[in-house]
Structure formats: C-alpha cells, structure tokens
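Here is a short briefing on a ligand and the protein around it. Take a look at the structure first, then read on.

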Amino acid sequence: MNQVTVQAPATVANLVCGFDILGLALDEPYDIMELRLLDEPRVIITSKDGFALPSDPALNTAGAPLLAMLEELALTATSDRAGALLQPPGRTGALPLPPGRIGFEVSISKQIKPGSGIGSSAASAAGAVVAANHLLGNIWAKEDLVRFAMFGEKVASGVKHADNVAPGIYGGITLIRSIFPLDIITIPAPTLHVTVVHPQIEVRTADARQILRKQVLLKDAIRQWGNIAGLVAGFIKQDYDLIGRSLEDVIIEPVRSMLIPGFDEVKQQCKAAGALGGGISGSGPSIFMLSRDAAIARNVEKVMQDIYNRIGLDYHTYVTTVNQQGVKII
Ligand code: HSE
C-alpha cells in the first residue's frame, strides 16, 4: 500500500471563551487529500482546487508538517531512539522504505475556503499527518501528529497553536492544556448541532492575532476563567444551560468582532431563535452557533441568512454536527 485518501474535517477553534485552548471538529465541510509514498526524501504538493495555495512544501500548511516528519524520521533513524520509533508497540513489520528514502506526494482538493475561520489550514495539516502516518504503519501517536501538524499552523499564522489541529486529529471537542509540552484532553459532551455562517470576506489569522491586546485586566481574566471552566463542566455534565451561559468572551471577541459585519445582530438574534450561544469561529469571519437539536440549528441558519441577505453580503452556511472521528481514511 503506497497511497491513501483521507477526509480532513473543518474545525471551530476557541469555542468563544477558550482562545487557543478549546476546539471542536465538524462533520461538514471537509477537504479530500491523497497521499502517495515516494522513494526519495522530498515532499511534492499538487492542488486540485482554485485556491492557488503555495506549492513550495515549506510554505504550505500540508507540506511543512510532512517536512518536519521526514526530518524526525531521518534523525531518529541514526539515533538511539531508532529502535523505539521503528518498532513501536503494536507495530508489525518494517517501515515501507529505509527512513532516509521516504517522501510524500500530496494532492489536495480543498472544500474549506482559506481564511474562512473554520480551520482550512489545520485541515490540510491534520489530513497530511494522519495520511502519512497511515502509510508508514502508524508509527506515531496522535499527540505526535498534533506536534507535527502545528508546523502547518506556524506557516499559516506565524504561531504554533493546536486548537484546530487537535480536534481535527482526535475528533470531538478537545482541550489543549499546554502545547509545550503537549497535553491534550478529549472532552465528552452531549449531542450538539452546529450552525456556521461564513460571510464571504477573508480574515487572515495572522492579522486577527496582530490586533489583539497583549495584556488583559485581572477582572476580565477572572470572568474568562469562570466561563472556560463552566463550559468544560457544562460539556461533561451534559448541562445545556451551563454551556449556553459559559459561551461568553470578554477578551478576544470585543476586538475581533469589529472585523465581521453583522456580528452583534447575528449573535443576538440566533440566541433569540433558541441557540445555546456561540460567537466567532476561530479567528473569523465565520460565526458559529451551538444548538441542542437539529430543528433549532436550522432556524438559526434561517436567521443568519436573513441578516446577510438584508446586509447584502454574500455568505455560505452549514448546519452540521460534531465530528467524533477526526481525519478519516477513506
Ligand atoms: N486560536 C486561533 C486564533 C485559531 O483564534 O487565532 C485560529 O483559527
């Protein structure tokens, strides 16, 4: 087997109050990626969509994680850890090729528009590392895959963050307690329906990070801690009201929401239509809302559509659910 196709899901990072530490995976939309094993240590990127993403692997969000993997393979093969890496528990047989001769060709069909705020760069990164690991006989654990995938986020936004790639790889809702060292916790939750509206403007994550204040007031930090703890407790206790009360962000949203036309109205009217709550998806401009059932999620979509029709801004909506599997081999 020297070729694999994967489905890499969109993700919602931050979940309103948990900037850089909380995220969830969506059942729709997703990218389709094909990876082929090469017998020379290089990464080739080909794109099957019209997004003109960089074909230089070092500048591509799928390519950078794969280069990091190849580097670690080559280093480990010559170090004391070679035995451990090449013969991990549960692995049978040898690597398909000697470590110094492994490379990948990646072909990407993007459905998740870059700059949309639903984890487009992360889907490429997560899809690439899961597919590569599969071709190598699953020599790395999921946490290692997140470590590699964060190289893609560094390319996209200038900083490593895992709140899109972790849910993309693990599925479900993830808490990233720490990225150095990585400490990822999967959070159980009740059934949640997710409505997303993507107003057709582009917000670059790097820009949306640049505008944030570097310091926060202690009173705001305390309120935010309460909300993060409340949200996680709400998920675990399956307490929809607590989830709704905790979907509040007093630090990031007041700054970033200024970049999104109609934001306050969408939020207020979606809640009036029965959504538990929601806010900016990742760094925007998409806005997401959580609902306890599918009928409410569809009403929320209608509210979003009416608002953007009236404003006269093109948009795309998704009504979906939480993806429990993460990147899927198909
Ligand atoms: N936590 C990141 C941010 C997610 O908000 O900048 C980017 O998708």
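This is a predicted model: local features need pLDDT of at least 70, side-chain atom pairs count only at pLDDT 80 or more; totals for chains, interfaces and linings use all residues.

Residues are numbered from 1 along each chain as its sequence is written, and side-chain values use heavy atoms, without hydrogens and water. Local features need pLDDT of at least 70 and side-chain atom pairs 80 or more, while totals for chains, interfaces and linings use all residues.

**Polar contacts (N or O atoms within 3.5 Å)**
- Asp20 places a side-chain N or O atom 2.5 Å from a nitrogen atom of the ligand.
- For Asp163, a polar side-chain atom is 2.7 Å from a ligand nitrogen atom.
- Asn164 has a side-chain N or O atom 3.0 Å from an oxygen atom of the ligand.

**Burial**
- Taken alone, the ligand exposes 260 Å², and the protein buries 96% of that (Shrake-Rupley method, 1.4 Å probe).

**Shell make-up**

**Domains**
- An automatic or database assignment gives domain 1 (3–187) and domain 2 (193–321).
- The centres of domain 1 and domain 2, taken over C-alpha atoms, are 26 Å apart.
- Their contact (heavy atoms within 4.5 Å) takes 29 residues from domain 1 and 38 residues from domain 2.

Notes
A polar contact is a pair of N or O atoms within 3.5 Å; within protein, one must be able to donate a hydrogen and the other to accept it, and residues adjacent in sequence count only if both atoms are side-chain atoms.
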